[in-house]
Amino acid sequence: MVFSSNPLSLSVPDPTFDAWLRDSGYLEILDQHSSSSTITADPTSTSIITSTTTTATTSGLFISFFSHILTLLSLFTLNPFSKLTTDDFSGQTPSWTRSFFADFGSYSFPSGSDQARLRVNENVKRYARNYASLFILFFACTLYQMPLALIGLISSLALWDAFKFCNDRWGWDRYPVLWQVMVRTAQCVTAVVLICLNVQMALFGAVGISYTVLVLHAAFRKLTSTKQSTRRR
């Protein structure tokens, strides 16, 4: 049966529809929509069908493997903090077991760089407090593995505590020149302590591990619909 065209039918552009899904909290549908768009937009499957079955299978596996590698590499070219705001840290921390980790079915390989970018941006906003907690955990574990870095961090904090105590006791801030000299001296001593005791290496290690976990988890974690209290009208 052939249906005649309806002049009253409404055609919504994809960007507008995606924006409405995002603002309404239908992230799961948005994730599926981006996946289906990538699949239908891929022209390689049509060209492969024209060859023999063996060649098509081999070429399809090679193209699939190569596209997965490109998708993984594209993850580290994204800026996962581009849409992050301070309000994302003020809400309640999502459940670690039911929401953040969830089950095995809550993960899938992104179909393309567009879906990976969408997942990273949305999941980083939703699980910002979880990722911040993981960074603190990784940094604490790194300091545990590097006792000298832990001593250096504690020493620098103690130095500034002593500086504040001396300022409150003798009123250095009432003498601008003396205040600047003491502040610069404390900063130089702190930098020497942190560098000599490898605190920066512990920090860089924790940042590197945390960033890798954040990007991979956010890209592979499927989007789930959320009920938002306020919607854009």
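User: Which helix does Ser156 lie in?

Analyst: In this predicted model, Ser156 lies in helix H8.

User: Is Ser156 buried or exposed there?

Analyst: Ser156 counts as buried, because its relative accessibility is 6%, and buried is taken to mean under 20%.

User: What does Ser156 touch, leaving out residues up to four places away in sequence?

Analyst: With those residues set aside, Ser156 touches Thr190 and Leu194; Leu194 is 38 residues apart from Ser156 in sequence, while the two C-alpha atoms are 7.4 Å apart in space.

User: And which backbone oxygen does the Ser156 side chain reach?

Analyst: The side chain of Ser156 reaches the backbone oxygen of Leu153, at 2.7 Å.

User: Switching to H7, what should its span be, and how far apart are its ends?

Analyst: Helix H7 covers residues 128–145, and its 18 residues should span 26 Å at 1.5 Å a residue, which agrees with the 26 Å between its end C-alpha atoms.

User: Which helices do the buried residues of H7 pack against?

Analyst: Those buried residues, among them Tyr131, Leu134 and Phe139, pack against helices H5, H6, H8 and H10.

User: Which residues touch the most other members in the largest nonpolar core?

Analyst: That core has 13 residues, and those touching the most other members are Leu75, Phe100, Val120, Val124, Tyr131, Leu214 and Ala218. H6, H7 and H10 each supply at least two residues of this core, and the largest share, four residues, comes from H10.

User: What about a second core?

Analyst: A separate core of six residues includes Phe139, Ala149, Val199 and Ala202.

Note on methods
Residues numbered from 1 in each chain as written. Predicted model: local features only at pLDDT ≥ 70, side-chain atom pairs only at ≥ 80, totals over all residues. Heavy atoms only, no water. Expected span 1.5 Å × (residues − 1). Buried < 20%, exposed > 50% of the residue type's maximum accessible area, 1.4 Å probe, protein only. Contact = heavy atoms within 4.5 Å. Core = buried A, V, L, I, M, F, W, Y, C linked by side-chain atoms within 4.5 Å. Polar contact = N/O pair within 3.5 Å; in protein donor to acceptor, adjacent residues only side chain to side chain.
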